[in-house]
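Dear colleague,

Please find the structure below, together with its sequence.

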Amino acid sequence: MKNFLIFLLLIFGGLFSAIVLKKNSDSGKDTRPVLKVFAASSFISQWGPGPWLKEAFEKTCECRVEFQDGADSTILLQRLKSEGRTGGADVVLGFDQYDLELAQQGIEWRKLSLEDVDFDERVRSVLVRSPLVPYDWSLLSFVVRKSDFSVLPKKLDDLMKPELRGQIVMEDPRTSSPGLQFLLWLIQLKGEEKAFQFLAAFNQQLHSYAPSWSTAYGLFQKAQVKTTFSYVTSPVYHLVEDKSTDVIALEMAEGHPAQFEFGGVPATCRNCELAERFLALVLSKEGQKVIMEKNYMFPVVNGVQEGTVFASIPKYKMTELSVIPSVSDRERILKKWAALRRGE
Amino acid sequence: MSTRWGLFAFFLIFLFFPYGILLSKFSLALQLDVPELWWAFKNSTLQALMSSVGSFFAGLFLLLGFFQVQRASFYRLWMTRPLEVLLLLPNFLPPLFILLVLLSLVQPFPTGIPGVVLVHIMMNAGLVALLLKSLIENKLRPLVEAAYMEGSGQWRFFQASFGMLRRDLFAIFLFVFILCFCSFSVPLIAGGGKATTLEILIYEKIRISGAWGEALSLSFIQMLLILLLSSVPFQARKNLFSSQNPLPMLKSRVGMVLLFLYCFGLIFYFLSQSLKGWLQVFAVQGLWQAALELLPFSLMFGLSVGGLVAFLLLLTAWGAPDEKLHRLISGMVSPSTALMGFSLLFFISNESPWVEIKWALGFAYLIFSTLYRWGWDQKLSGLRDQIQVANLLGASRHLIFTDILLPQLLNPLAWIASVASLWALGDFALGKIVMGRDASLSLLIETLMSSYRLPAAHALMGLLLVMGCLCFLFFWGIAYVSRRALAEKI
């Protein structure tokens, strides 16, 4: 028994030491101010743009950047509302255009000075919508493997062909941003009534509705379906990492919806000046290049794509963002979507 | 205050603490959309009912296959115990993993309630098989032997003995029903929008409209329903591991084929998909290093959750037999993960080491009542007579606990603690909210999946399973040494 207790002590001691050593090597006895940045896990991961931004910013700021995974945007917003200053968020990244209304309910944001930023023409339309600022974007489309098709679909109706029955995976619009984008895009294109009529038929073509983009894309990657709704920048991932040119995003005659990712500085920030400088780095050409290459999304400023693999992406037609539905309207539309699914 | 009341108060506070925090932040919504609630309730009930019935029949077939394996002496020597563990594997693995296997096997996959039921059956059939095995071995062994001598067929035997096992079968059925009723990720993934259950509705309220008050009200309603279900006065013997001696007569070759497919299909699929994943793990710069750095914390977290659950279960044993405590824990359902995670953000500090402690505590909370219902409750109730006799003979609570209860509880305790560890190793939903960074291997896997790198995520899942095995060895080691120490003492 005595030996066993020593054994237990050694195991826990070893594990504890490993964790403590790792923590000490991470922070040491650092007394610099800490800039707390909330962002999505893919942004702050080892292979995301976060580590580069952190390193570049820490070289000049006399501060330490600490990333926090913001988890789900709804939870993050509620957290910002409830915690206020005690939460310590200085910069928040990772909302899409449909979060903007909720983001302005009960949360104050600092007005940012963006005069010096040379925004891409197509991004300018969303700049006026809120005090939050877009930092990357992409159009969305159906992503396919060229080798699976003799003739590539060119419009939405082409997806209704019998050979694609059970070969399309879509994201659930209640739980996934691309899924919601598709639904609202459809309504924008066809009007609500006709969009739901189309959807009733389109749903019969589906393999399934996945709860998240990653699950849907996983099914596509595992070749269990021929197409999924994703970003037009997704093929770049396969080009860079898999050296494959087989995956492409379809060019649709109807145009393509866009997803913009926003960030901002809450008024309750502790290191507000540093936070604004960090966002400036995010919007700088260097920062944008890293975000583009690591996040596989388009930059929001001009002069970054040139000379990179992103320049080879065809110029897809963007469906202009007209009206963003209010939260209550969105809830109504999603209830209608759920009712449609219920009846199938 | 007596020890029992003290324990009851402790568990009451422990089990209601997230609700307490949430109530201090949000007011309960009193006006709910009744048709929507009814629809979700109907779906929850229907899918849970069909899943339980399906798991029951699939479990029975697997069991007959198991008995067939047990009869072959060549296999019996080395295969039965690993088979028992493999039967439980689908219950441990992340639902997404099971779903990917099913999606490649079942084309087209039937989303909606049929899909949810299919995944639930796949996940629970093995568990049911083991529960039925224990039941038959403990209650019917002499009868099976007698029926065999009289020349009865196995289906005739099952028909005749059904009446004797009615209450036990219903208790097992209820256990699976509650598991499926409260399931979240399976209806979310396999439901495809057609099977909105209560758990999904709670999530939707938070995700779509930020209606936290409504989500909390729905959570309370769900808890009341489970409380009602748990008050059904049926008792059964639920024991996962029992005798290794084969029973005569009961067997099925078809069942044996199903058993092997069920047990080895997952492993084979996993290995066949892993190679490309490992290549990617080493190809992505810094990924392997990051995974290695996360191993100590992941292991520590898994062991801590296992230890916490074991500690809580031992507390219930200290107070046993206590009917009111049993009712409280059996009827308790944790709030949905989003609500739980959110409540933890407002509990103590969000700095290290508190945040790690909160995650372990929160996760132990989430799985505690399920694991309590997973045979521990019946194990305790089975010891009731011994405790009463010891009480009559004047034994102290301490003596009863150390000399009577502990030696008999160490095996199930090690088993449940191991399961808790494995579940903890795979958690990313709560960890994502509470930790705010890729602090463990499961969180890293989740991040990989949301950034195109599914093969690497797949491969690292294998590492999680290896760590799960280490946790098993750890808790079984503790149980073994403690048993020996107790035997020496006695």
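**Findings: a helix pair, a residue and an interface**

In chain B, α12(B) passes α15(B) in a right-handed crossing. Please note that the model is a predicted one. The axes of helix α12 (residues 287-319) of chain B and helix α15 (residues 354-382) of chain B cross at roughly 45 degrees and come within 9 Å. That angle makes α12(B) oblique to α15(B). Among the residues of α12(B) that take part in the contact are Phe301(B), Leu308(B) and Leu312(B), while α15(B) brings residues including Phe363(B), Ile367(B) and Trp376(B). The contact of α12(B) with α15(B) has 17 nonpolar residues, two polar residues and no charged residues.

Leu93(A) belongs to strand β3 (residues 91-96) of chain A. Leu93(A) counts as buried because 28 other C-beta atoms lie within 10 Å, and the cut-off for buried is 20 or more. Leaving aside neighbours within four places in sequence, Leu93(A) is in contact with residues including Val37(A), Phe43(A), Tyr135(A) and Gly263(A). Leu93(A) and Gly263(A) are 170 residues apart in sequence, yet 4.0 Å apart in space, C-alpha to C-alpha.

Finally, the two chains touch each other. The contact takes 47 residues from chain A and 48 residues from chain B. On the side of chain A that touches chain B, elements that each supply at least two residues include α1 (2-27), β2 (64-69) and α13 (327-343) of chain A. By class, that side of chain A has 18 nonpolar, 18 polar and 11 charged residues.

Yours sincerely

Technical notes:
Residues numbered from 1 in each chain as written. Chains lettered and ligands numbered in written order. Predicted model: local features only at pLDDT ≥ 70, side-chain atom pairs only at ≥ 80, totals over all residues. Contact = placed C-beta atoms within 7 Å. Helix = DSSP H or I, 4+ residues; strand = E, 2+ residues; numbered from the N terminus. Nonpolar A, V, L, I, M, F, W, Y, C, P; charged D, E, K, R; others polar. Axes fitted to C-alpha atoms, helices over the stretch in contact; angles between N-to-C directions. Parallel < 35°, antiparallel > 145°, perpendicular 65-115°, else oblique. Left-handed = near helix turned anticlockwise from the far one by under 90°. Buried ≥ 20, exposed ≤ 12 C-beta atoms within 10 Å, placed from the backbone.
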